[in-house]
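Thanks for coming, everyone. Let me put the structure up, and then we will walk through it.

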Amino acid sequence: MNFLEAQRLVSTFQGGEPLAFLFALSGTAEPFALYVRAAAARRGRAADVRFLPFNTLAQALRRDADPTVTEVFLLMPWDFAPEADWRSGVPESVDQETLEARAAETASLLARRAQACLLYLPAPLPPLFPDPSRGAAFARSLESLALGLGARLLPADAFALGGYLSSGCPVGGTWIGRVAEAVVDAAAAPRAEPKKVLVTDLDNVLWSGLIAEEGPEGIAGEPSGRGYRHFVYQSLLRRLRREGTVLAAVSRNDPDVVVAPFRSGRLLLREDDFVAIIASYHAKSAQIGELAQRLNLSLDSFVFVDDNPVEVAEVSLALPGVRCVTFPHHDDELVAFLDELASLFPHRVITAEDRERTDMYRRRLDGMIANDLQGADLTRFLQDLKMTLTIHDRSRGDRTRAVQLINKTNQFNLNGRRVTDEEVCAILDGGGRLLSATLADRTGSHGEVLACLVTADNTITSFVMSCRVFQRRVEYAFVSWLAAQPNPPAGLEWASTPRNTPFQQFLHEVAGPLNGAGFVPLDVTSVVDRHARDVGLFALRQA
Amino acid sequence: MTDAAESRLQEIVRATLELPPDADVTEARQLGVESWDSLAHVSLMLAIEGEFGVSIDLADQIQLTSYAAIRRYLQGGALP
């Protein structure tokens, strides 16, 4: 954008949303005025820009920032090292340590202005040192300081020595329009408040594996093998916690199960690194909402990480303010994921209070009590998944996976009973049925996720489902389908186990209040009626 | 200098010195135009640099104190 174009933009601008900001540079800023107004006008904004008086940037940095004012700093190398200012000529001698100390002091002053937008123009330095290579290294170190503060780097060519010497304006006429555009972009960029709380899922996020199914020895979170990527994630969380981010965990599990890995000493993070580790079978959105309320923090300050798209959707729908990030399923997505996560918790300065924050908030929480909390209605999301549930009759042929599923599933398990292949064979030979179901959706196949063993007298003696597909209503659709078949089941052989709370909740919904262990009758008509909507979520097929 | 370039130069001088659109600037000199102060001069030099894609040395900037001198400079001629 050159002068005449800027002039035209400003003179024809009809007005728009005000864009008020302070444009701070140590040189003369007034020549930027027209170009800044034009760049704002091009974006439909009416610039209301204030400048610092010439050569007062150092003083301004020593005053506290006004949180209501947007500040854009155009920084030059001599703002960090005043001896490098061309307007003072080449210094007779310099002490590098003094230069570096001054630069670090300026950087710390800038770092305190967490909301300031920084632009850095890496203008060439006068020859400061007898050895030119030291000068080049020093110039690089200043650039690194600026980048470390999150500054956007401008092209060095934008610096014009002649203009700077004559008027104090560091940018030449061929660049001033482009620099003004960068200034306006910085001023107009939405100010994302740093997040405060990171709520993480545990299984297949903080560690690899399912703790309830595989036990503490079966999961991996160490820097080797399948646990490595989770170890890297833990290490980022450890750093964020040290910088003042409050960590919390939510998991569909039992409380005593999820704390075991933290107590084993095999993880990088300890139990007390978290303000709360919430393990329950209630909706995660409800748990996060409860946590926010108890911590007295806005949901806008929360980030939620989970590998399961259904959980992510549930939290997104119920709590739109929470920033949800999906833990990647592939290593090549890990870098972008970690970058995104780190960028949500920027800290230019770490204070003692930051380091104590988790402890402070933990004191505020005197234990989270799991309530009967409701989550989001996921119907629309689940419909969009285009799920196909295929029912397989495993009474004949290969039943390996179905039997395996019965013997390895803990959480969604009717009674925790393990069966041998011979026992299953005997039930089938006596007229029983072994059914299983595979699930696929628009993202791909989830494999064989459910198994159900029904005896000849129509009693369900085994019913299990993989926790990978929790919250998709698979179990409801299946039982409704089964209830609608000829010879529907009369009931289920229920038993409570230390791990099968999810099944208990399901059974309570489909069969009514439970009265101890034993046979639970099933009202098939009622099941079919009440769960027709769940069946409608799937394209139901029989293999 | 082409007519188009001259017209652009005149437009720049009028705008930076805040002169009326129909003002004849061909005889303009810094000493004779009240609004041609040091800040306006900086703006004028930057505008010329940007518009004509040149970089004007400090020593030249000091001498470009009239329309005629600027025109001559842009034509590659000798400065006073």
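A word on burial before we start: a residue is buried under 20% relative accessible area, exposed over 50%, and partly exposed in between, with a 1.4 Å probe and protein chains only. By that rule, 53% of the 543 residues of chain A count as buried. For chain B, with 80 residues, the figure is 42%.

Now the ground rules. This is a predicted model, where local features need pLDDT of at least 70 and side-chain atom pairs count only at pLDDT 80 or more, while totals for chains, interfaces and linings use all residues. Residues are numbered from 1 along each chain as its sequence is written, chains are lettered from A and ligands numbered from 1 in the order in which they are written, and side-chain values use heavy atoms, with hydrogens and water left out.

Next, the secondary structure. Helices (H or I, at least four residues) and strands (E, at least two) are DSSP runs, numbered from the N terminus. Chain A has 22 helices and 18 strands. Chain B has four helices and zero strands. Its order from the N terminus is α-α-α-α.

Contacts next. A contact means heavy atoms within 4.5 Å. In chain A, take the contacts between residues at least 6 apart in sequence: 75% of them join residues at least 24 apart. In chain B, residues 24 or more positions apart account for 44% of the contacts with a separation of 6 or more.

Let's zoom in on helix H20 of chain A, residues 501-511. Which of its residues are buried? They are A:Pro502, A:Phe503, A:Phe506, A:Leu507 and A:Val510. These residues cover an arc of only 130° around the axis, which puts them on the same side of H20(A). The arc here is that of the directions from the helix axis to the C-beta atoms. As background, an α-helix has 3.6 residues a turn, so residues three or four places apart point the same way.

What do the buried residues of H20(A) pack against? In chain A, the partners are strands S12 (412-413), S15 (459-465), S16 (491-494) and S17 (518-521), plus helices H19 (474-483) and H21 (524-530). After H20(A) comes A:Gly512, with a positive phi near 90°.

Stay in this region for A:Gln411. This residue lies in the loop between helix H17 (400-408) and S12 of chain A. A:Gln411 is buried, at a relative accessible area of 1%. A:Gln411 and A:Thr497 are 86 residues apart in sequence, yet 8.8 Å apart in space, C-alpha to C-alpha.

A:Gln471 sits in the loop between S15 and H19 of chain A. Its phi is near 75°, a positive value in a residue other than glycine. A:Asn487 is in the loop between H19 and S16 of chain A. The phi of A:Asn487 is also positive, near 55°. Is A:Asn487 buried or exposed? It counts as exposed, at 53% relative accessibility.

On to helix H5 of chain A, residues 96-111. The expected span of a helix is 1.5 Å times one less than its number of residues. For the 16 residues of H5(A) that gives 22 Å, and the end C-alpha atoms are 22 Å apart, which agrees. Buried residues in H5(A) include A:Leu99, A:Ala103 and A:Leu110. The buried residues of H5(A) pack against several elements of chain A, including helix H6 (132-148) and strand S3 (71-75).

Last stop, the cavity. On a 1 Å grid over the protein atoms alone, a cavity is a set of points where a 1.4 Å probe fits but cannot get out, and lining residues have an atom within 4 Å of a point. The structure holds one cavity of 30 Å³ or more. About 70 Å³ of space lies in the largest cavity. Both chains line it, with A:Ser166, A:Cys169, B:Met45 and B:Glu49 among the residues. Which helix gives the largest share of the lining? That is H2(B), with four residues.

Conventions:
1 Å grid on protein atoms, 1.4 Å probe; cavity = no way out; pocket = protein on both sides within 12 Å on 5 of 7 lines; lining within 4 Å. Points joined across faces, edges and corners; volume = space filled by probe spheres on them.
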